[in-house]
Amino acid sequence: MTAKLYSAGILGTGYYVPEKIMTNADLEKIVDTSDEWIVERTGIKERRIAEDGVPMSDLAMKAAEGALADAGTAAEELDLIIVATLTSDRIIPSTACMLQNRLGAKHAAAFDLSAACSGFAYAASVAAQFIETGVYKKALVIGAETLSKYINWEDRNTCVLFGDGAGAAVLGQVEDGYGILSFDLGSDGSGGDAIQIPSSGSLMPVSKESIDKRLNLIHMNGKEVFKFAVKAMGRTVKNSLEKIGMPQEKIDWLVPHQANIRIIESAAKRLSMPMDKVIVNIQKYGNMSAACIPIALAEASAAKRFKKGDIIALSGFGAGLTWASCIIRWSKED
């Protein structure tokens, strides 16, 4: 294992969500559901929807520009771009390569990463390794999704959950003892069928038949996902803490994946954290997969909720099944 030479931390954050808002009342008009049913079971009141013809890369671009501005970093300074997503503009080229060109990041390597809702924590952990070993100095990590393009709007169990958005962070070298202190990544492929788009690749290429059967859209076993999530969210944070011998009482803020308010509350309880120390925006945006954590992080940073030295835990779970967490000592001075 290569020795750690530097500390890698977040230099700046940014986010973007589409202007179009879809409320629970709007959903009541197209599917058999109600505002009361949705809020009680998920905590979601509205979500953002990208307009027809707007690709995921447009959302990611705006989030990236915000993060670069917040970090005081020029695109030419970037050594690496990682886009965590399951809704790339195309299979090839990667969205990261498209953004590398659009941003003018002429010195950056670029690739997409697929870990669903755990994607941002996965990507941040990967980028940190390059920075800590001195291979790269600055990296742009983006979590971005346009899930609305993969929703079956006749399935009330899934269409109420998802929304579109993008969040980004610039990572770079920070003073020793700050930045990403530890991380935990994991997977359980035996549960992969719990969240899937059956017709989306070489196993079952998209065809007229698969489209007619809605197999090119999101399918989810909600009960199985819920059971997995309530255990995974708290457990992965504890795993990250154990690696550095830090007690959970030291956590100042929890930034969780925004899938379901009951899952978030369960994770907070397992970590003995009061909800006023948990960053929650699910009521506004719903589940944006890989974009959830970076958007919550960027919103909280913009609102100056974090102060230098705060211990922040990121925690996510998602299709795969995957889970991931990072423990960060906040290094920014606002």
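Cys97 has a relative accessibility of 35%, so Cys97 counts as partly exposed (buried is under 20% relative accessible area, exposed is over 50%, partly exposed lies in between, with a 1.4 Å probe and protein chains only). The model is predicted: local features need pLDDT of at least 70, side-chain atom pairs count only at pLDDT 80 or more, and totals for chains, interfaces and linings use all residues. Residues are numbered from 1 along each chain as its sequence is written, and side-chain values use heavy atoms, with hydrogens and water left out.

## Cysteines

A disulfide is a covalent bond between the sulfur atoms of two cysteines. Here the term is applied to a pair of cysteine sulfur atoms within 2.5 Å. How many disulfides does the structure hold? It holds zero. Take Cys292, which is in no disulfide. The nearest cysteine sulfur belongs to Cys117, and it is 6.6 Å away. Is Cys292 buried or exposed? Cys292 has a relative accessible area of 0%, so it is buried.

## Salt bridges

Next come the charged pairs. The structure holds 14 salt bridges (a side-chain nitrogen of Lys or Arg within 4 Å of a carboxyl oxygen of Asp or Glu).

| Pair | N to O distance |
|---|---|
| Glu209 and Lys213 | 3.2 Å |
| Asp70 and Lys332 | 2.7 Å |
| Lys307 and Asp310 | 3.0 Å |

Start with Asp70 and Lys332, whose side chains meet in a salt bridge. This pair links distant parts of the chain, 262 residues apart. Asp70 sits in helix α3 (residues 56-71), and Lys332 sits in the segment after β13. Helices (H or I, at least four residues) and strands (E, at least two) are DSSP runs, numbered from the N terminus. Asp70 has 34% relative accessibility, so Asp70 counts as partly exposed. Lys332 has 10%, so Lys332 counts as buried.

Glu209 and Lys213 give another picture. Glu209 is exposed at 52% relative accessibility. Lys213 is also exposed, at 53%.

Lys307 is exposed, with a relative accessible area of 56%. Asp310 has 4%, so Asp310 counts as buried. Elsewhere, salt bridges that share partners join Glu175, Lys308 and Glu333 into one network.

## A positive patch

Which residues form a positive surface patch? Lys231, Arg235, Lys238 and Arg270 do. Patch residues have over 30% relative accessible area and no salt bridge; like charges are joined within 9 Å, and nonpolar side chains (Val, Leu, Ile, Met, Phe, Trp, Tyr) within 5 Å. Helix α8 (residues 222-243) gives the most to the patch, with three residues. Lys238 lies in this helix. The relative accessible area of Lys238 is 34%, so Lys238 is partly exposed.

## The loop between β4 and α4

Now look at the loop between β4 (80-84) and α4 (95-103), where Leu86 is found. Leu86 counts as partly exposed at 33% relative accessibility. Leu86 and Glu145 are 59 residues apart in sequence. In space, the two are 6.9 Å apart, C-alpha to C-alpha.

Ile91 lies in the loop between β4 and α4 as well. Its relative accessible area is 76%, so Ile91 is exposed. Ile91 and Arg48 are 43 residues apart in sequence, and their C-alpha atoms are 24 Å apart in space.

Pro93 also lies in this loop. A cis peptide bond joins Ile92 and Pro93, with omega about 0°.

Where does another cis peptide bond occur? It joins Gly320 and Leu321, and omega is about -10°. Leu321 lies in the loop between β12 (311-318) and β13 (322-329).

Ser289 is not a glycine, yet its phi is positive, about 50°. Ser289 lies in the loop between α10 (282-285) and α11 (292-302). With a relative accessible area of 2%, Ser289 is buried.

Lys304 also has a positive phi, near 60°, and is a residue other than glycine. Lys304 is placed in the loop between α11 and β12. Is Lys304 buried or exposed? Its relative accessible area is 57%, so Lys304 is exposed.

How values were computed: Areas by Shrake-Rupley, 256 points an atom, 1.4 Å probe, with all protein chains shown as cover. Lys, Arg positive; Asp, Glu negative; His and termini not counted. Charge placed at Lys NZ, Arg CZ, Asp CG, Glu CD.
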